[in-house]
Amino acid sequence: MSDDTTQPFLFPAIRRKKITADFDGGRITSDGGVLLLAAAERRMGLADYLARLIADPRRVTHGVADILRARMLAIACGYEDADDLDYLRCDPGFKLACGRLPDTGQDLCSQPTISRWENAPTLREVIRLTYALVDTWCDSYAHPPIAVTLDIDDTVDVVHGHQQLALFNAHHDERCFMPIHVYDAATSRPVAIVIRPGKTPSGQEIRAHLRRLIRRIRSHWPNTRLTIRGDGHYGRPEVIAWCEAHDVDYIFGLAGNSVLHRLLEPSADDVRVRRADARAQSLRGYAEIRYGAKSWKKQRRVAARIEATTLGLDIRCVVTNLRGGNAEWLYDAIYCARGQAENLIKLHKGQLASDRTSCRLDL
């Protein structure tokens, strides 16, 4: 920060009292909220915990925990670029938040130190950091919960360079990553985030991610009932079969086809007739069937939401191994609640700038 001062501005005395306007406010900060964030971080011990997972063979002034803490607090305060640390490193608020005195304490790390460190972790260390997020989420519960619902979804992360794993996605018409986000439906806390190529994940890839995630969660909570919730492209045959084989509940969107529509035609016709009789703009109905796709080895429970309007018929289906509840409860109360995950992804990208993936390397 600049230590420049200006000359005081003198006003006429009033009742023999000298009046001076002095603009030398000393060392001040406009980011007072960083101290609250620092208190929360230190209570969790997050920076120290993550620092223990990363080797630091360098002989440097700033340790990994100090670098992590400064970087996390800067991003949380809206300074997502490493360049911002060139100015924030002298900010009295950030120095106090990182455990240093504002005037006599050593300045924080600068942008070159941040950039060198962000490219230093190995693949094994990045994997350990990913598991650390899962562990931190599990530790946020005072006691193992009886049941947890996990929302899984991916999002577009547009790139503007030649980053590794960046692919052209025809749907989004952009070169991008497609990171997978997993959130706890009850608390809205992030559970896992995996950066990956800019294409729709295959069934084998989703199964592999879920296998590692569920194994880690069950190492903390062996008796907790887990439910995976996602849209249609996560309901792949490999994923459904794996969930059933490992006692994991699921509810996934299911794309419509001629066979499904034929099985649902009696219920759909009933909804159409009731809407016409009531002369309503729209009318909803629900149905439940047993359906087996060609890629499935058995029939499974399918719940359908059928909506008749003046414009025609709209049918949406979900497939699940949940045993309780009717079709309306499964679709409206359970499946549609996954829309909150999309809001959480927007918050993650908007408030933490998690889509600022400008590094050339994918680690």
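This is a predicted model: local features need pLDDT of at least 70, side-chain atom pairs count only at pLDDT 80 or more; totals for chains, interfaces and linings use all residues.
Residues are numbered from 1 along each chain as its sequence is written. Local features need pLDDT of at least 70, side-chain atom pairs count only at pLDDT 80 or more, and totals for chains, interfaces and linings use all residues.

Start with helix H7, residues 123–139. Helices (H or I, at least four residues) and strands (E, at least two) are DSSP runs, numbered from the N terminus. H7 has 17 residues and reaches 24 Å from its first C-alpha to its last, close to the 24 Å expected at 1.5 Å a residue; the expected span is 1.5 Å times one less than the number of residues. Among the buried residues of H7 are Glu125, Val134 and Trp137. Buried means under 20% relative accessible area, exposed over 50%, and partly exposed in between (1.4 Å probe, protein chains only).

Next come two loop residues. Leucine 165 sits in the loop between strand E4 (157–158) and strand E5 (167–169). Leucine 165 is not a glycine, yet its phi is positive, about 75 degrees. Its relative accessibility is 31%, so leucine 165 counts as partly exposed. Aspartate 247, in the loop between helix H9 (237–245) and strand E10 (249–254), also has a positive phi, of about 60 degrees, without being a glycine. Aspartate 247 is partly exposed, with a relative accessible area of 43%.

Note on methods. Side-chain values use heavy atoms; hydrogens and water are left out.
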